[in-house]
Amino acid sequence: MNIDESINGEIVGKIGRGLNLLVGIANTDTDAEIDWIVRKSLELRLFPDEEGDDRWQKSVQEIGGDLLVVSQFTLYGDCRKGRRPSFDPSALPQSAADLYNRFVTKLRASSLLVEIGQFGAMMEVTIENDGPMTLILDKEAI
């Protein structure tokens with residue numbers, strides 16, 4: 001598995017086996033949500049064990065995987081009304097950047113390789129999925 005992120009054609013983050021985390025920060029998010037999402041990201045069992053018997057035995061921490069963290073405010077785009085998404089639920093850029101940076105810092109405390117792009121930049125993300133599988137982790141959504 002290879003995942004990379006480039007800005008203006010230059011690769012700024014690249015990982016091997018691991019997780020690509022598309023991170024949207026809501027205007028209601030606090031450090032409590034950041035702590036919860038860090039724990040979930042690191043501890044969810046998403047990988048098979050060494051024998052390959054069960055796809056859901058190991059976490060990214062247990063396999064020593066990598067993390068590519070991509071800021072993605074558009075995850076909070078509300079398309080219920082009209083023909084243009086509203087991004088009102090997204091945090092304002094400065095607040096979002098602060099929480100995003102705290103998220104990255106806490107992930108790096110895990111000692112895993114954590115790659116990032118440039119917050120708020122137009123990015124091209126290339127993902128070679130082993131699956132595919134996409135999960136939404138939102139403490140308040142369900």
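Predicted model: local features only at pLDDT ≥ 70, side-chain atom pairs only at ≥ 80, totals over all residues.
**Notes on helix α1 and its neighbours**

1. Which residues of α1 are buried? They are E33, I34, W36, I37, V38, S41 and L42. And what do these buried residues pack against? The partners are strand β3 (18-23), helix α2 (60-63), strand β4 (66-71) and helix α3.

2. If you like to think about handedness, the crossing of α1 past α3 is right-handed.

3. You can find the contact between these helices residue by residue. On the α1 side, look for D31, I34, D35, I37, V38, S41 and L42; on the α3 side, look for L99, R102, F103, K106 and L107. Sorted by type, the residues of this contact come out as 7 nonpolar, 1 polar and 4 charged.

4. In soluble globular proteins, nonpolar side chains tend to be buried together. Here the largest nonpolar core has 23 residues, and the members touching the most other members are L21, L67, V69, F103 and L107. Elements giving two or more residues to this core are β3, α1, β4 and α3. Helix α3 provides the largest share, 6 residues.

5. L107 deserves a click in your viewer. Setting aside neighbours within four places in sequence, L107 is in contact with L21, V38, S41, L42, L67, V69 and V114. Among the α1 residues in that list, V38, S41 and L42 also belong to the contact of α1 with α3.

6. Stay in α3 for A96. Is A96 buried or exposed? Its relative accessible area is 6%, so A96 is buried. Not counting residues up to four places away in sequence, A96 touches I25, A91 and F119. A96 and D31 are 65 residues apart in sequence, yet their C-alpha atoms are 11 Å apart in space.

7. Loops are worth a look too. S59 sits in the loop between α1 and α2, and with a relative accessibility of 4% this serine counts as buried. Leaving out neighbours within four places in sequence, S59 is in contact with L42, E43, L44, R45 and F47.

8. S111 is another loop serine, found between α3 and β5. What is the relative accessible area of S111? The value is 67%, and anything over 50% counts as exposed, so S111 is exposed. Check the backbone here as well: S111 has a positive phi of about 75 degrees, although this residue is not a glycine.

9. V12 lies in β2 (residues 10-15) and counts as partly exposed at 30% relative accessibility. V12 and L22 are 10 residues apart in sequence and 15 Å apart in space, C-alpha to C-alpha. I116 lies in β5 (residues 114-116) and is also partly exposed, at 23% relative accessibility. I116 and N20 are 96 residues apart in sequence, and 9.9 Å apart in space, C-alpha to C-alpha.

Note on methods. Residues numbered from 1 in each chain as written. Heavy atoms only, no water. Left-handed = near helix turned anticlockwise from the far one by under 90°. Helix = DSSP H or I, 4+ residues; strand = E, 2+ residues; numbered from the N terminus. Contact = heavy atoms within 4.5 Å. Nonpolar A, V, L, I, M, F, W, Y, C, P; charged D, E, K, R; others polar. Buried < 20%, exposed > 50% of the residue type's maximum accessible area, 1.4 Å probe, protein only. Core = buried A, V, L, I, M, F, W, Y, C linked by side-chain atoms within 4.5 Å.
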